[in-house]
Amino acid sequence: MTSTLTPAPGRTATPHRRTKRVRWRGPLMAWLFLAPALLLFLYFKFIPMFVGLWKSFFKVQTFLGDEWLGLENYKTIISDADFAAAIWHSILLALGTTIGSLVLGLGFALLIEGPARYLWFVRTAAFLPVVTTMAAVAEVWRIMFHPADSGMLNTIIGWAGIDPQPWLASEHSSLWSIMLMSIWRGTPYDMMIFLAGLVGVDRTLYEAAAVDGASTWHRLRHITLPALRPVFWILFTLAAIRGLRVFVEVYVLTNGGPNGSSEVLMTLIYKLGFQKNDLGVASAGGIVLFLATLALTLIAQMLRRRQAR
């Protein structure tokens, strides 16, 4: 009877092997599902990034072969007036778009926050610009920016007694017009993130502040804004990166004109690479944009961690 109840020596490792097999099955299945997307990222994103980095040190010539230049392409970017203007326009557009969308997004989030039944429709309608194709949005705004007296925006501001504006047709207002459209499109996204952050604010703090006689402004300043600080950092980083990498709206609305007044780094890189066939300088410009984006992200993360302490 004892021999029949004692497990055979060869079967003692079976539970361990089975546990090890189950432990590896989950990660293996996850990597198998991720493999197609990772291959696409590798082929269309990471390999072109490394090729662009390599090409940035060369003068790319289609039939004569590439010529090694070292850092000459980067020196061209630093010393070229067109690149300096494009970098300044990109920074100005990113800064204005970020501040405008954050302020308006927070304002709209505070206005439509609540459990009322009709608010779901308001939130959905407000979020529609985000899910609309950028090219379609830019084309609609290009029509609205028509500089004649009969243009849609000029007609609207005419009701308030404001003279018609040239909008995209003027060197002094083209970049600001693009910024206006970018703020309009970025505000709903920031609004939804702020709404998600407002859900986590402790409501008992509002009740206690109201009992103590705190005004609406004091409750906003001392309760709401400190609670939304992590949300601010996330949205600031995303909005700033989005502003630095702006391309479609500038390309559709002005293509960098008039006279380069709205030229940004992305449109200039595109023109150098695909219109003038200067792929070496264009690749260097892409690397500079990548480094600027990376530096902005790291600085924002460092400041966020410092404030969290």
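Trainee: What is the volume of the largest pocket?

Mentor: The largest pocket has a volume of about 1100 Å³. The general idea is simple: rolling a probe the size of a water molecule over the atoms shows where empty space is left. Here a pocket is an open set of points, on a 1 Å grid over the protein atoms alone, where a 1.4 Å probe fits, with protein on both sides within 12 Å along at least five of seven lines. Points are joined across faces, edges and corners, and the volume is the space filled by probe spheres set on them. This is a predicted model, in which totals for linings use all residues, while local features need pLDDT of at least 70 and side-chain atom pairs pLDDT 80 or more. Residues are numbered from 1 along each chain, and side-chain values use heavy atoms, without hydrogens and water.

Trainee: Which residues lie nearest the centre of the largest pocket?

Mentor: Lining residues have an atom within 4 Å of a point. There are 27 for the largest pocket, with Pro48, Met49, Gly286, Ile287 and Phe290 nearest its centre. Two or more come from each of α2 (14-55), α13 (265-275) and α14 (279-308); helices are DSSP runs of H or I, at least four residues, numbered from the N terminus. α14 gives the largest share, 11 residues.

Trainee: Which element gives the most to the lining of the second largest pocket?

Mentor: That is α4, with six residues. The second largest pocket holds about 280 Å³ of space, and Ile91, Ala94, Leu244, Ala292 and Leu296 lie nearest its centre among 14 lining residues.
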